[in-house]
Structures are given as C-alpha cells and as structure tokens.
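Below is a note for a colleague who is about to go through the model. The points are numbered so that each can be taken up separately.

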Amino acid sequence: MVEWWLTESRPEPMIQWLGVRNLTVRLWRTTSTVLGIGAGASLFLTVVLINQSVLQSYRESLEALTGRAELVVTPDASSWMPEELLSKIEQVPGIAHATPSVQTMAKITWADGNFARNGAKASLITGDSLEFLNSTSHILLARSFAARNGLKVGDTVTASTPTGAKSLTIRGLLPEGGMAKAFGGALAVMDIDAARKTFAFDGQTSRVDLFLKAGTSPRQAQARVSTLLGASFRVEEPAERVDNFQNSFRSFQALIEFLAAVGLFVAWVLVAGTIHVSVTERQGELGILRAIGASPMQILTMILGESFWLGLLGGGLALAASFVFSHAMLGTVVAALSAQALLKIPEPQLHLPLVQAFEFLLLTATGAAIAGLFPAWRATRVSLLASIEREQPHAAAEAPWATLAAPVPSLIAQMAIQNVVRRPSRTSTTVGLLATALAFVAVIEVMTGSFEKTLSARFDHTLTPELVIFGQGKGRPDQRQTLHEGFVDELRGLPGVRGAYGRRLLPIRYEGREISLISLDDMGVETGYRVLDVVDRPREQAGIELYSSPDFTVLVSESFRNHFHKSTGDFLWLAAPMGNVRARVIGITTDFSSPNGALYTSRAWYRKIWKDPLLNGIGIMVQEGHGTTALQTTLRSRYALSRNVVVLSDREYRNEVQGIAAQAIVYVKSLRWAALFIALIALFNSFMVDIRERWQELGLLRAVGMSPLQMMAMLVFEALLKAAMAVILGLGLGLGVAWFGLTNFLTTRLGWVFHLHFSWQAPALCAALAGIVSILAVAIPAFKAVSLEVSLALAEL
Amino acid sequence: MLLKVESLSKTYETSSGKPVSVLSDINLSIDGAEFVTIMGPSGSGKSTLLQLIGSLDRPTGGRILVNGADLSSLDEMGRTLFRRRKLGFVFQAFHLIPLLTAEENVALPLVLDGTSRGKALERARALLGGVVGLGQRGKHRPGQLSGGEKQRVAIARALIANPDLILADEPTGALDSATSGEILALLKSLRSEQGRTILMVTHDETAARYGTRIIRLRDGRMVADGKPA
C-alpha cells in the first residue's frame, strides 16, 4: 500500500531564511569571511578595473588626438617618416587630405619648479593665430592642465629637448574636450615646423592622419595607402591602434590577471573552509533538521545559499574596496604597463560599467556557492544519531598515528600533537588553507626574486661605462627626453673623458609584434664587449663581428629567439624607412626591454639605415687617473641645466633601473598580503571551532589542574605545528608552481628567460609569516579557552 | 493498527569487527490514541527501538509498519517525508535550533514541507498559546527559556504537522520533578483530549505510570507488555 504522503509530489521548498539567519546570528564569522572574500575578490577586480581603465584611457587619448581622422599612418620601422611621403599619400584616390604631426615627450618645468608628469606633446595645430604661428617658441596648453598647475597665457616654461633646455611661451589655452582630453590634458601643442626644429625632427613626420572623401570606405583607402607605402608603415583605423596597443601588453596583463585570479581562488577556498567549519560546528543542528524532516536537498540548498550570500556580500565589499585599491595602485600599474608597452600611458579615470559590476557579483557569488558544494554535500551526510546523541564524530582518539606523540617528553606537547593528528579532517582543512596562501607567497617570492636576481646578475657582468647620461624625466631611459648625437662628440672632447658612447632604443615591429631595436656605439675590443651579454658564443668574438662585418648584423635576445625561432646564423628581414633590409643573426643576448624581444646592432649601421641622429642615453668611460666623481660633478654642473640631463654613476644607474623593476613588481607583491589576510581569517574560524568542539575536554583539563598558561602553550603549540605542516606543503607547492612559471609560462608567454633563484629568504619568509599568522589566528580562540568557566564546560559533558 | 513491529533486530559491529546485538526479535503493535512507555535499564535497547521506529536508523532484521506502510521499503526521501509528516519527535535534550526563536522552531516542520513562513508561524503561535501555554515566549530564543519551557516548545514542534505518532525519548530526563510532572501531564492530555498516539522511552517508573501501557526491555529483548500498576 502506498500512502498519500509518499506519493504527493511537490517541489522541495527552499529554506534559505534559515541559512540567512545563521549568517546574521554568527555575525563575527560572517563579517570575517566577507572581509576575506572582499580582500581576494577586490584584488581581482582592481586588476581588471585598472587594466580596462588604462585601455579605455588610451583609446580616448587616441580618439582625442586623431579627432575625426578615419585612418592613421605611422612608421613601423622607426619613429619617423620622410616628409615627402605626405604628398604621395594625398594623391591616393579617396583621400581628401592628410594631416602630418610629430609627437615626442618632453619634460616641462616652470618658475615654481613644478613639472608636467606626462611631458608635453608637440604636434601641428591648424588655425589662423598668426601670433602663435610666427614663433618657434610658442605653445598652446590644455586649459585644464594650465588651471591645475597655475599657468596662464604669457607664462614661460622650459622644455628639455635633444639639444638642451629651451624656453617656450604659452600663447593660448585649448578649450575643454577634443584634443585637450588626450593624456588627461598633459600635452602641449606647437607648430609642426617649430616642433621639428625644437625636437630635432628635421624633415620628419611621426604620424599622418587621413580624412577620406565622401563615399570612400576606410578599408578601401587603407588598402590603397598600404600598397603605396609598403611594409614599413602601418595604416590603421583608430580602433585597430587600440587593439595593437592591447596586444603589446597582453602577456603582462595575463600574468597579472592570473595572479589576481589566484587571489579570488583563495577567497573561494576561504568560503569552502568557512562552510566546512560551519557544517562541523552545526552537526547537531543539521541532525535535528534532518530528524524533523528536512530533506538532503533542503540542507544542500540551505548551505549553498549561505555560501552564495557570503560570496555576494564579499563581492559587494570588493566592488567598493577595488575602487580604493585601484586609486592607490593606479600610478604604479600605469608605470609598469608603460614600461611593458614602451610608451607613456596616461593615468586613466576609473570606470566600471553597471553590467560588469553585476557580472562580477554573480561571479563571486556563484564561485562561492561552488566552493560550498563539498561542505554542503557533507552536511547532507551528517549522521542523525551522532548529532542527536551529541557524539563527537571526529573524536577518534584511537587513530593509529596518535602514537606519534609518544616519544615527546613534554606532556603538553604530547597532547598538542595528539590533538593535531586525531582530527585529520580539521587539521587538513587548517593546513590546506594556510598552505594555499603560503604557496602563493612562495610563488611570488621566488618569481620576483628570480626576476630581480637575473636583472642584478646582468648588471654585474655587462655594465661597463662608469657614468651614464640621460634626459630628465621619470621612468625608463628610453622613455625620457632623447638626446642628439652631436652631444656625444662634445663629450668626447672633454678632459677626463676616455670615451663617450651613444645608445638608441627604437620600438619597431617584427612579424606584427613590437620589439626593441637597440643600437650601440662601438666601445672597443679592449672592453671585451662586456656590454653585449652574448650567451651562445664568446662576447669578444661576437662584438668584433657586430662592429666589423661588411654586412648588417644583429644580436637577438633570448625572448626574440623564443618567439620567432631565429638563432645565430639565421637571417631576418626588418622593415626600415627606405624599405626592407636583411640582417644576419650573429649571436644570442639577454635583454628585458621588451617581452616580444630585442635586436642589438651597431649604431653605425643603425645610423646608416634608419638615419636617426637621436639617442636615449650616453655612456662615459673615465680616463685613468681622473676621478669618476669629479667628472660626474663637472658634467652635472655643465649640462644638468643647460641640456636638462641627469648624470649618473653606474651604481646610481643600477639602483634606478632596479627601482623601476621593483616598482613594476610591487603590484604583484602586494597580492601576497591579501592571500595572507584571507588565510588569517580562515585559520581564526578554524581554531575557533576547534576550541568550541573541545569545550568539555578543555574544561576537564582545567578541572584536573592544567593552568591557563599550560593550556595557552598547548593551543599555541598546536597552531605552530599546523603552521609547520603548512610551510612544508605550501613551499613544495609554491616552488613547483614557480619553477613551472619561470621555465614555461614566462618563456612561452613573455619570452623572457629568468633563472630560478632560490634562496633561504623564501622559506624563511614563509615560515615567519606562517608562524605570525597562526599565532594571531589562535590568540583569541586560545584566550577564550583559558577563560572558560570550568563548571559550565563540564556541565555539557 | 497504527504501528506494527515484527521480529525487529539490530546488531552493531564493534571496531574489532565483532557483532553486538542491541535488539532482538521485538514484536509489538500499537493502536491509535495509546500512550505507550518503553522502560528498561541502560543498554536495554529502548532508545535504539525508538530510533528505529523513528526511521533515524535502519534495522538489521524484521520490519516496522506504520499505518500499513513498511518503513524498510522507503528510500531516503521516503524516510524524510515520513519523519516530516507522520512523526513528531521530543528529545531529552530538547534539540531546538538555537538561532531560531521559539515560534520559528515550532514552525520549522511546516516550513520544511512547503507551507509559507507566515502561515507556519501563525499556526506555531496558536499552538504555543494554546496547548503548551507559552504564548508570551514565542519571540524568545532557546537560550532565554527554562528547561520546562524548552520542552514545551519541542512538544509544540512535534505537534505542528499533526503527526500520527509522537516519539518521546526521555522527555523529562533533563528536568526537575515538578517540571517533569507538568510535561508528562501535557503529554497525557494530548492523548486524552486530542487522541494523539505517544510512544515514550523512560527509565523512570513514575513517568511510566502516565502512560496507558508499559513495555519492558532487558538486554535487547521484550520481557513484558501490560498496563501500569
């Protein structure tokens, strides 16, 4: 016979309110978990927010600069193109007119010592302002920039140029909107011929904006102009330029987003841990629910609902926190991305569309619900009898490994060890959570350590000049104001200078990717060509071939070799201003200027092919018997102001480059603190429940004479034991991932070759952090345990 | 016949694999509106019998029929629905959900069965204010109630789904004698005034006398079945 109550079919009702009640009643735990999720998720969102805001900002700057131009022509093989190309382009059918401009970065200073962070832009302005056009020293500034910096029409500013400092007068202010929006308003506009003269771009153009005749499709015009100009030039729609920009630092973004995603993952692990702990703590309650008729599905949905809400609240917190973090980290990240993309990226306005915010909330909440699946499943399997009879399901004191504690002389330590080993489920949860965070710390520590060490090692065996000269400014030398090669000749004639050598870094494209073309003056065989960090053959031999060969030769970086599979003996074709040129690869070198790769060549060949007189830096060799510091002082007093340059010793230069590298990785390093914060909360929850579960047992220990101090020692020792286990596990896991990251991910995705550097610092840091986190996490639960009312605790027996 | 137990047995295995018989060859039948008490010393198997009838555990042998339905043929969902709709539990340790108020605890079985929360709470308030006399304490949490009040809330929870059978496991075991008397009187009135069927486990002879019938167990076997003296 089948009863009505069995055959009646209606969907299982949800009992979410019970789960929500649990979250509101256990407010402390809910708050701490939400904080942990918020920390992890906000890191993820911060990275996403910054990356897309940077991209959006760059897009806006491009649009502001190109205005209504439908196509943009830029040289692929150098920073300039011959002026005569302009008339050829204008003759292409469908082109209404072509507007040339030159762009450069320059530091601008004025009387009160302020300076424009983004430097000034020099480009053509069209208009009827005769006063503006009739002088090579007149500029226009964005109204917003001028207002920010207290500048007005008629004021004079000083710009650093390749030939030295030059005074410029503000003759007008650009209205809000349009071009003035580019680079956040940090740009200056001047007449194109004045700009060419001032910034050593004689007869050159760095960009041409094309406007089409009505009825001409951009694609059609693009094809025609590309055919005319050949492979040495890029003809793109403005949107394509943004895509190309994005491609140039996609790998770096991927690395950062991967690490940030680990933060989100750790946050989800925290949810899993919290729910696991909560289920363990509520075994009795779940048993009662099951006894009075809650179905497994209802229990499952209730627990998953709790996870979902925790994720949603954590996501909400992360939304707010990410804006704070983004503002704090924006400058650093923009600097790091600028370094990667080999161009100055304007600092963006942060913007998160509503739809994306909703998607993010859904992601954190759904992820949290998924993280809660296993503990929720466990909750459905809870033993009704064990729960109702108040048995302790984990109190398996007879576990075979409990005897491990036997040889330990201290009774307190013995008990601590037994507590750790007889609750394998709780111990593995605690250890697993901490180990995940420590693995994350180890990965970051080892990878950034390897990066820094590799960079440092490169300095140790390559740097030759005693002094280096760069244009004023911030960031990498190749992002500063360029210098004119005539300056090298001037330096060579100075007393105390044994030699002066120019270096030029030009971003060019090879097979669709942006690479660095680095040209160096010959420093002579007597230096052993240490500056060329050749790795596959003797440096001296490679140096002689690079500077003495009758044909065009290059060294390729390891990253270039990894990406394009070109090695010593191969040939490659490079797009140059006057057409394609064939280069013979004569060696492999190390270089980190571009993730896509770098080519090294002699400046004599570079000058001959690219006809570029500019330099990014000059190395100075000091004559024997002449003090380096004395020469440095002389050069500073002579050129620092007149040419707007900095003169650094090799040590100072090294520190500066390492500082820039450190700035790039500080972003990554900050992620580890979030992971540890999450682990701290997770461990606190776990210890809290552990103490609660052992309430009667602890009461009994106090009743039979254990002092509060002994109890505290026992609990802290337990926490440290778990921390030690987590250190071993986390280090093993972290080193494995770091090794994989360095030997595979970085090589294949970024192309850079870093050597795994493992020092005592990573394990020492992990051990110290694990100890600190464990002691902090156990402090309050242990205090609670030592302050328990013995009679009340025993009454529960 | 409401409940029929046939040749029921339960055997556990110790950690060394040795079987230990807790119940053996139990046969009994209970009609509606009976108040049956099960008595016996510790380890006699009385709680195990209650747990088997309450489908909290599965028997090793024999079968349990409730209104003709064989519990052993039910799957997990069937057993859940049986507990939810046909049984009311009252435990020695009350087993209320600490984070819910008294009326929410009482309403819970109905909510689990799909009744709207509002309707379930309305019914819970009526029960608390009526049969168990706790109308003023509905908004209090278990921690704010006395032992006797907690047990009254538990009884109201057991009644709310209008079950066929109420199972009470030492319901006065955690109460003083005065409060125990009140609780037992309440259970007794449920039978006499509402025609409820109650099966109560106790080791207290005084408590057992509130029932209409006493079943005695010893070493897992039924040794007596009769009316209280």
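1. A salt bridge, in this note, is a side-chain nitrogen of Lys or Arg within 4 Å of a carboxyl oxygen of Asp or Glu. By that rule B:Arg63 forms a salt bridge with B:Asp70, with the closest N and O atoms 3.9 Å apart. For accessibility, buried means under 20% relative accessible area, exposed over 50%, and partly exposed in between (1.4 Å probe, protein chains only). B:Arg63 is partly exposed at a relative accessible area of 35%, whereas B:Asp70 counts as buried at 18%.

2. On the basis of the note: this is a predicted model, in which local features need pLDDT of at least 70 and side-chain atom pairs count only at pLDDT 80 or more, while totals for chains, interfaces and linings use all residues. Residues are numbered from 1 along each chain as its sequence is written, chains are lettered from A and ligands numbered from 1 in the order in which they are written, and side-chain values use heavy atoms, with hydrogens and water left out.

3. Chain A has 27 helices and 22 strands, where helices (H or I, at least four residues) and strands (E, at least two) are DSSP runs numbered from the N terminus. Of its 797 residues, 59% are buried. Contact means heavy atoms within 4.5 Å, and among contacts in chain A between residues at least 6 apart in sequence, 80% join residues at least 24 apart. The accessible surface of chain A comes to about 31900 Å², with 61% belonging to carbon and sulfur atoms; such areas come from the Shrake-Rupley method with a 1.4 Å probe, and for residues only the protein chains shown count as cover.

4. Chain B has seven helices and 10 strands, and 56% of its 229 residues count as buried. Among contacts in chain B between residues at least 6 apart in sequence, 68% join residues at least 24 apart. Chain B exposes about 9000 Å², of which carbon and sulfur atoms supply 46%.

5. How much area do chain B and chain A bury between them? The value is about 3200 Å², 66% of it on carbon and sulfur atoms, where buried area is the accessible area (1.4 Å probe) that two parts lose on being put together, summed over both. In chain B, the residues that lose the most area to chain A are B:His95, B:Leu99 and B:Leu112, which together account for 21% of what that side buries. The contact takes 37 residues from chain B and 33 residues from chain A.

6. Across this interface the rule finds two salt bridges; the side chains of A:Arg290 and B:Glu76 meet in a salt bridge at 2.5 Å, N to O. Eight residue pairs, both members at pLDDT 80 or more, are in polar contact across the interface; a polar contact is a pair of N or O atoms within 3.5 Å, and within protein one must be able to donate a hydrogen and the other to accept it, while residues adjacent in sequence count only if both atoms are side-chain atoms. On the side of chain B that touches chain A, the elements giving two or more residues are α2 (76–86) and α3 (102–112) of chain B, and α2(B) supplies the largest share, 10 residues.

7. Over all chains, a search of the whole structure finds 32 salt bridges. One of them joins the side chains of A:Arg607 and A:Glu485 at 2.7 Å, N to O. A:Arg607 lies in helix α21 (residues 603–610) of chain A and A:Glu485 in the loop between β13 (483–484) and α18 (486–492) of chain A, so the pair ties together parts that are 122 residues apart in sequence. A:Arg607 is partly exposed, at a relative accessible area of 30%, whereas A:Glu485 counts as buried at 16%.

8. Within chain B, B:Asp164 forms a salt bridge with B:Lys86, the closest N and O atoms being 2.8 Å apart. This pair links distant parts of the chain, since B:Asp164 is in the loop between α5 (147–159) and β7 (165–169) of chain B and B:Lys86 in helix α2 of chain B, 78 residues apart. B:Asp164 counts as partly exposed at 23% relative accessibility, whereas B:Lys86 is buried at 6%.

9. A:Thr430 lies in helix α17 (residues 424–462) of chain A and is buried, with a relative accessible area of 2%. Leaving aside neighbours within four places in sequence, A:Thr430 is in contact with A:Leu683, A:Ser686, A:Phe687 and A:Lys722.
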